[in-house]
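Work through the exercises below with the coordinates open. Each task is followed by its solution in steps.

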Amino acid sequence: MTTPDSRLPIHGLRPRFALIAGEASGDVLGAGLIAELRARFPQAEFAGVGGPAMRAAGLDAWHDSQALAVMGLAEVLRHLPRLLKLRANLRKRLLAWRPDVFIGIDAPDFNLGVEQWLKQRGVRTVHYVSPSVWAWREGRAAKIGRSADRVLCLFPMEPPIYARHGVDARFVGHPLADAIPMQPDRRAVRNALVLPEATPVLAMLPGSRLGEIEKMLPLFLQAAGLVALSIPGLQILLPAANAECDAAIRTHLATQPDLAARVRVLDGDAQRAMIASDTVLLASGTAALEGMLCKRPMVVGHRISPTTYRIVSFFKLLKTRYVSLPNVLADAPLVPELLQDDCTPEKLASACLRWLGQPGAVDALLPKFADIHAQLRCDASARAADAVVELLGMGNGESGIAPDTATRQMHLLP
C-alpha cells in the first residue's frame, strides 16, 4: 500500500479537496476549513457533500449534507438502502474526480468507510473530529487509523490515545472556542433580549432533536417549576433548534400554563440564552461545552434508555469518570452531573438553586472555565488547514504558501 509521503499532489498548485459533512455542525467546520485552504491555494477546487455554509465558502456540492442527517436506529434502518447507494455512488465519483485529499468531517458511520475505500486506492484521507474514543471503545482508534492518514482532533486528550495505536492525530482546537469571546458581553445580550439586569434567568436546553426533547423536557420543566417556587421572579429561556422542536416545546408548555408564563421560547439563539442566564440546565453534549465557553454555571442532566444503561454498566463500556465535556476536559467535577436515576426534578432543581444562591461558587468556577477556553482557542480552522497542507507533502516553495503561514505551521503543528 502506498504511504502519504510517497504520493505526490496530482494537481499541483490547483489541488482538489473533497469533503463530506453530514450535519450542521460539520457544515460549519467544513466552511472554516475551506476558507483557510482557499487562502493557501486560491485556485483550489472543492467538491463533495455539504450544507449552505460550505457552499457559500466555495464547495461544489454534489449532495446536500441533509442527505446524511439520519439519527436513531429505526431511522437509519429505514434509510439504509438509500445511504448505501449514495455511498457507493460517491466513492466512484470521488475516485474519478481524483482529489488530492479527501476530508471526512465527523459522521464517522458514513465517512470512515468512504475514507478506507479511498485510502486503499491511493487517496490521502483525513478524518476531522474524532469520535469519543476517550469515553468508550478506545480500540476504535486503530480502526480509524486504517481509514484515515491523519485525524484532526478538537480536544487535547485525544492525540495521545491515537498515539498508543500508532495513528497520526493532531490537536487543532475547537472552532467554538475561537468563535465565542473569552469574556462574553452579558449586559449587551440581556439588553438585546430585553431582560432587566436584576432578573434571575434560567436557560434550559433539553436537546436539539425531537427524541431528546420528548425524553428530557418534561423532567426539566418539573425542575424549573420547583426552582420558580424558591425564586418568584425567575424567567426561563428555552431555545428551539427548529420549527419541529418549537412545536414540541409548545405542546409540553400547554400542559403547564402557570410555568409557561415564565418561559420564552427562542428561535435558536441557544448561545445568547446561555450568556444571558444566571445558570443553565442542559442535557449532556456539545451544549455543555458551549455553556462552559459562555462562562455560565450549569447543571447537566441526562437519561438514556434503561436497556442501554444496563448494557453500558454491566460491560463497563464507559471509560471516563465524567460525561460532560467541562468535567472531562478538567478531569474534575466542575459541574454537577445528574444521570439516569439521579436525574430527577428534585435533584435538578436543588443543583440549580445551589448555583443561583452561591455567587462565590460561581466566581470560583469561571476562571477554571476560562483556562479550558484558552487551551481550546487555537485558531482551529487554520491549524486544520495546516495539517491538511502538510499531508500533501508540499513545502513552502511548492505550494505557494505565504511565509507567514509557513512560520505559523512550524509553531502550531505539534
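Phe17, Phe41 and Phe46 form a single aromatic cluster. The model is predicted, so local features need pLDDT of at least 70, side-chain atom pairs count only at pLDDT 80 or more, and totals for chains, interfaces and linings use all residues. Residues are numbered from 1 along each chain as its sequence is written, and side-chain values use heavy atoms, with hydrogens and water left out.

**Exercise 1.** Classify the ring pairs Phe17–Phe41 and Phe17–Phe46, and locate their members in the chain.

Solution. 
- Step 1. Take the criterion: rings of Phe, Tyr and Trp (its six-membered ring) pair if their centres lie within 6.5 Å; planes under 30 degrees apart count as stacked, over 60 as edge-to-face and the rest as tilted.
- Step 2. Searching the whole structure gives three aromatic pairs. For Phe17 and Phe41 the centres are 6.1 Å apart and the planes stand at 50°, so this pair is tilted.
- Step 3. Phe17 belongs to strand β1 (residues 16-21), while Phe41 sits in the loop between α1 (24-40) and β2 (45-50), 24 residues apart. Helices (H or I, at least four residues) and strands (E, at least two) are DSSP runs, numbered from the N terminus.
- Step 4. Check burial, where buried means under 20% relative accessible area, exposed over 50% and partly exposed in between (1.4 Å probe, protein chains only). Phe17 has a relative accessible area of 0% and is buried; Phe41, at 1%, is buried as well.
- Step 5. The rings of Phe17 and Phe46 have centres 5.4 Å apart and planes at 20°, so they are stacked. Phe46 lies in strand β2, so its pairing with Phe17 in β1 ties together parts 29 residues apart in sequence.

**Exercise 2.** Compare the span of helix α9 with its expected value, and find where α9 is kinked.

Solution. 
- Step 1. The expected span is 1.5 Å times one less than the number of residues.
- Step 2. α9 (residues 210-230) has 21 residues and reaches 30 Å between its end C-alpha atoms, close to the expected 30 Å.
- Step 3. A kink of about 40° lies at Met216, shortly before Pro218. The bend is the angle between axes fitted to the seven residues ending at a residue and the seven starting there.
- Step 4. Buried residues of α9 include Met216, Leu217 and Phe220.

**Exercise 3.** How many residues of helix α18 are buried?

Solution. 
- Step 1. Twelve of the 13 are buried, so α18 is largely enclosed by the rest of the structure. Among them are Arg383 and Asp386.
- Step 2. Just after α18, Gly393 adopts a positive phi of about 75°.
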